[in-house]
Amino acid sequence: MEEIDARLRQEKVKKFEDFVDRRLKPDLVKAIAQRDKVFQQQKVFSDLKMNIESLAKNGVTRLRSMVNLGSEVYVQADVPDTRRIFVDIGLGFHVEFTWSEALEFISVREARLARQIDEYTHLIANIKAQIKMVCEGIRELLQIPAE
């Protein structure tokens with residue numbers, strides 16, 4: 001009888017370990033990667049906001065810059081009027097904005113990205129809690145009951 005109980009426990013332990021390894025851990029890695037991607041987007045918009053504010057503060061209306069064409073190939077670009085800029089709004093679309101319109105769009109976008117980061121952080125915490133709970137269950141299953 002004890003051998004049957006021990007075997008059933010081992011089977012349950014194996015199922016729980018498989019669930020953690022095949023489901024929860026990959027979900028955790030995926031959620032962390034998605035949150036990191038949103039952090040990167042947030043940084044891009046933050047940098048753009050700082051650049052626009054710097055242009056406005058310094059009254060820069062004309063700009064010469066080096067632009068990376070890819071594979072570390074650069075070309076010199078001349079921007080005759082910096083008061084209107086194109087902002088990537090997603091899905092490969094770019095919209096022409098004035099500085100104030102761009103700053104307003106960036107504020108809205110940053111708020112949305114902050115909410116997404118909070119949602120991913122909450123999801124990550126939930127997955128970690130599930131992993132901890134399953135590990136506690138495994139630990140309880142491995143304990144031999146006192147007779």
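## The nonpolar patch

A nonpolar patch joins Val, Leu, Ile, Met, Phe, Trp or Tyr side chains within 5 Å, each residue having over 30% relative accessible area and no salt bridge. This predicted model has such a patch, with a surface of about 320 Å².

β1 spans 63-70 and β2 spans 73-79, and each gives the patch at least two residues. Val 73 has its place in strand β2. How accessible is Val 73? The relative accessible area of Val 73 is 43%, so this residue is partly exposed. Patch members need over 30%, and Val 73 has 43%.

In which sense do β1 and β2 pair? The pairing of β1 and β2 is antiparallel and runs over seven bridges. Together the two strands form a hairpin, with two residues between them. Ser 71 sits in that turn and has a positive phi of about 55°.

Gly 70 has Val 73 of β2 as its bridge partner. Val 67 stands opposite Val 75 in β2.

## The whole chain

How many helices and strands does the protein have? The count is two helices and four strands. Along the sequence the order is α-β-β-β-β-α. The radius of gyration is 26 Å, while the globule rule gives 15 Å for 147 residues, so the protein is more spread out than a compact globule.

The extents of the C-alpha trace can be set beside that value. Along the principal axes, the trace spans about 85 × 30 × 25 Å.

## Burial, surface and contacts

What share of the residues counts as buried? Of the 147 residues, 18% do. Buried here means under 20% relative accessible area. The protein exposes about 11200 Å².

Contacts give another view of the fold. Take the contacts between residues at least 6 apart in sequence: 55% of them join residues at least 24 apart.

Technical notes
Residues are numbered from 1 along each chain as its sequence is written. This is a predicted model: local features need pLDDT of at least 70, side-chain atom pairs count only at pLDDT 80 or more; totals for chains, interfaces and linings use all residues. Side-chain values use heavy atoms; hydrogens and water are left out. Patches are made of residues with over 30% relative accessible area and no salt bridge: like charges are joined within 9 Å, nonpolar side chains (Val, Leu, Ile, Met, Phe, Trp, Tyr) within 5 Å. Accessible areas come from the Shrake-Rupley method with a 1.4 Å probe; for residues, only the protein chains shown count as cover. A salt bridge is a side-chain nitrogen of Lys or Arg within 4 Å of a carboxyl oxygen of Asp or Glu. Buried means under 20% relative accessible area, exposed over 50%, partly exposed in between (1.4 Å probe, protein chains only). Two strands pair if DSSP finds at least two bridges between them. The radius of gyration is taken over C-alpha atoms; the globule rule is 2.2 Å times the number of residues to the power 0.38. Contact means heavy atoms within 4.5 Å.
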